[in-house]
Amino acid sequence: MARRGGRSGVPVIVSVHSGTLGQAIGGCRLAPYPDWRDGLTDALRLSAAMTAKCAVAGLPHGGAKTVVALPPGTDLGPALRRAVLLDVGDTIESLGGEYATGPDVGTGPDDMAVIGERTPHVFCRPVGAGGSGDSSRPTAEGVLAALAALAPVAGRRFAIMGLGRVGAHVARELAAAGAELLVTDVDESRRQLAAELGATWTDDILTAEADVLVPAALGGVLTAATVAGLRCAEICGPANNQLDRPETADLLHERGILWAPDFVVSAGGVIHATGVELRGETPAQATARVRGIAGTLTTVLESARRDGTTPLAAAHELARTRINAARQATMAA
Ligand code: PHE
């Protein structure tokens, strides 16, 4: 559904993709879009990816996403930001619990607290406000588990694209583990972190020679054009929707570059938040389950190798199997 926020006048788009496995979940993205319909396209794709993410992670949840499509050049001061978030909260509340949101690109725990003024169906409010807090650390833990599942990280060279909240955690841990780092960010002030970690800043991360490329910024970075120029052996990172279209997975396969599906790698945030907030797990238990992403990725890559398909196809197959089993169980009941 898409509606103009009553307070803010800004388009709020909610896409609930699937509820077969349980309550639909997916973060709230706050970003400028040339046209609100571009936000709609993004919401549809991102919500479908959330369905696959939850199914592959073995969570009893379906996928959804909220996109607040800001008109380009919007000056999102504190008052308008608050109005937008309250509008989001009302929209989610109107769905009666069918969907619960969380943080995403452009939002964080404090924003979740504001949404929480209008609806209980929100994850990752600050710990002091009754939530499980920032999801970027558990997401990074999941990425690190996935990277370690590929090969021991010490001495390997990683090209990290994006030093935002998740990318920075990943970079710190990899540096501490003895990896060699190439990094970049659209925000030049992140050069300071790069220097701190002894990482090499490069403006050409997509053509950098590396063992592993770690996309940790916005999606759509893997296209026919960028894949042709890649000089990495593997790609494994948390950015959502890294492929511009599904067929790009075939191009990567043909080039012999291993692509760890983003929706497998990036599930740490949802595994942790739903475990702690809905299922009574301690943070330690939830973190242990986040580390299970290593085993999930290994399973996906092994079945791709065995069947001669792409990791994308193998991961989708795993998601489909789980969703179909749930559908059959519902029909039998
Ligand atoms: N941005 C998160 C993701 O893409 C969404 C999320 C995090 C939803 C935590 C709920 C809880 O997975």
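Colleague: Hi! At what angle do helix H10 and helix H11 pack?
Modeller: In this predicted model, H10 (residues 268–278) and H11 (residues 283–291) pack at about 150 degrees, with their axes 9 Å apart. Axes are lines fitted to C-alpha atoms, for helices over the stretch in contact, and angles run from 0 to 180 degrees between N-to-C directions. Helices (H or I, at least four residues) and strands (E, at least two) are DSSP runs, numbered from the N terminus. Residues are numbered from 1 along each chain as its sequence is written. Local features need pLDDT of at least 70, side-chain atom pairs count only at pLDDT 80 or more, and totals for chains, interfaces and linings use all residues.

Colleague: Which residues of H10 and H11 make the contact?
Modeller: H10 brings Gly-268, Ile-271, His-272, Gly-275 and Val-276, while H11 brings Pro-283, Gln-285, Ala-286, Thr-287, Arg-289 and Val-290. Being in contact takes C-beta atoms, placed from the backbone, within 7 Å.

Colleague: New topic: how many residues surround the ligand?
Modeller: 14 residues do, and the closest are Gly-27, Gly-102, Phe-123, Gly-269 and Ala-273. A residue is near if its C-beta atom, placed from the backbone, lies within 6 Å.

Colleague: Which elements give two or more residues to that shell?
Modeller: Strand S3 (24–32), strand S5 (99–103) and H10.

Colleague: And what confidence does the chain average?
Modeller: The chain averages a pLDDT (the predictor's confidence in each residue, from 0 to 100) of 96, and 100% of the residues score at least 70. For the complex, the predictor gives an ipTM of 0.95 and a pTM of 0.96.

Methods. Contact = placed C-beta atoms within 7 Å.
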